Amino acid sequence: MQLMQRIAFTILFLVVFVGFIGCSSEQQSDSPKTLLISFDGFGHDYLQKTATPHFDSLAVKGVEAEGLIPVFPSKTFPNHYSIATGLYPENSGFVNNTMYDPKWEEWYRIGDREAVEDGKWYGGEPIWNTLEKQGIKTGTMFWVGSEADVQGMYPTHWKTYDGDMPGKARIDTVIKWMTAPGGDTADFATLYYSDVDSKGHRYGTKSDSVKQAIQRADRLMGYLKQEMKAKNLWDDTNIVILSDHGMVDQSADKLIRLDKIIDMDDTERVIWGPATMIQPKEDRKQEVYQALKSAEENYRVFKKENLPERYHLKNHRRVEDIVMVADLGYTILDEDYQDDFIESLPRATHGYDNNEKAMQAFFIAHGPAFKQGEKVDPFQNIHIYELINHLMDTKPATNDGSLDSVRVLLK
Ligand code: AMP
Ligand code: ZN
Ligand code: ZN
């Protein structure tokens with residue numbers, strides 16, 4: 001009996017001890033790592049514009065999508081925040097780059113630091129909060145929403161947005177975070193670059209400036225690989241590279257003069273863009289809508305309550321009562337802006353219907369979790385939040401995405 005007891009104790013000890021070793025080594029070296037990188041305004045077809053050896057190598061050794069479908073409107077802030085939360089704009093509250101909240105009687109503009117850093121504008125739960133709540137340290141080398149106290153939290157490491165910060169320095173900082181000692185090691189990090197978007201807007205999608213910006217982005221990927229390899233981060237980090245939307249050229253013969261269609265004095269607010277949001281004065285709603293409806297050419301107009309379901313936009317108070325959606329490449333403007341606009345051509349923009357192929361972004365993923373050398377069909381960016389939770393082995397908060405929609409990317 002005594003012998004049996006001793007054997008039993010020995011077995012118990014071995015089970016506990018081996019289990020303990022296994023656990024501790026998993027936490028120290030095998031913890032999943034994800035790096036999420038956004039190149040703003042990098043269209044689904046941009047890799048074909050010029051030589052991109054580093055992106056190509058990532059695509060060949062990883063998995064690439066034919067396109068990444070943005071949320072509507074295909075603007076920067078709604079899309080980055082939908083990627084971060086897995087929520088459609090009507091559920092994240094991020095319905096445009098510029099928004100008016102009628103309840104608070106306050107404006108949000110992307111250049112207004114006070115608003116950008118105010119967590120009250122940001123609904124849902126961004127991925128860095130989900131991970132931090134589950135004990136994973138995170139670092140954001142810029143991401144929409146990461147500079148704000150969303151749910152009263154911040155990533156462990158984050159920086160105030162500085163569009164002038166050099167590309168390599170952003171990578172150096174992220175690598176420092178991912179190798180930080182003392183329990184502050186970030187196992188999830190983000191990088192963001194606006195260069196390709198800015199050059200697209202200013203010079204058009206066919207310009208040499210855009211090609212050069214794509215080449216700069218490609219070189220940054222070469223530098224990232226070199227530096228991550230040097231720090232032993234390359235082989236076990238899953239890297240998700242994407243953009244928020246595509247880009248389309250504008251032209252002088254594709255103009256929609258809003259002030260010729262409606263009486264601008266009938267409006268309370270106009271938020272310009274390929275999806276122009278119009279708040280008519282209280283008693284002028286029907287007149288404004290009717291004028292737009294009877295002149296409906298090269299755009300479509302909707303009363304807020306009749307916005308197509310697939311936009312996932314109408315159920316939020318920050319959407320104005322009337323929404324005009326310009327056909328691809330058309331520019332909605334008024335007399336005041338027309339001359340400046342024509343003078344500044346060639347130009348390009350985004351914000352159009354997210355069903356348009358030209359609004360699709362690029363997507364490449366590389367790392368231990370991903371398939372190798374495959375190209376998959378386009379999918380919506382709201383599934384990225386679920387994908388990252390899967391990669392990080394965490395439990396997602398309520399969101400509009402599903403892992404099943406992106407399982408095709410995984411080994
Ligand atoms: P869009 O007008 O949709 O093309 O927005 C792109 C612009 O958003 C870029 O020029 C960036 O400089 C800017 N941007 C991106 N992230 C941030 C941020 N966190 N804070 C302020 N501006 C940003
Ligand atoms: Zn953008
Ligand atoms: Zn842009």
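Select His350 to begin: this residue is buried, at 2% relative accessibility (buried means under 20% relative accessible area, exposed over 50%, partly exposed in between, with a 1.4 Å probe and protein chains only). The model is predicted: local features need pLDDT of at least 70, side-chain atom pairs count only at pLDDT 80 or more, and totals for chains, interfaces and linings use all residues. Residues are numbered from 1 along each chain as its sequence is written, chains are lettered from A and ligands numbered from 1 in the order written, and side-chain values use heavy atoms, without hydrogens and water.

Next, show the zinc ion (ligand 3). Its protein donors are Asp197 (OD), Asp197 (OD), His201 (NE2) and His350 (NE2), at 2.0 to 2.4 Å. Donors are N, O and S atoms within 2.8 Å of the metal (3.2 Å for Na, K and Ca); water is not among the atoms, so sites may look incomplete. Along the chain, the donor spacing reads D-x3-H-x148-H. Asp197 sits in helix 8 (residues 195-203), and His350 in the loop between strand 16 (348-349) and strand 17 (361-366), 153 residues apart. Helices (H or I, at least four residues) and strands (E, at least two) are DSSP runs, numbered from the N terminus. Click Asp197: buried, with a relative accessible area of 9%.

Now move to helix 7 (residues 167-178) and helix 9 (residues 208-230). Colour Gly167, Lys168, Ile171, Asp172 and Ile175 in helix 7; they meet Leu220, Tyr223, Leu224, Glu227 and Met228 in helix 9 (contact means heavy atoms within 4.5 Å).
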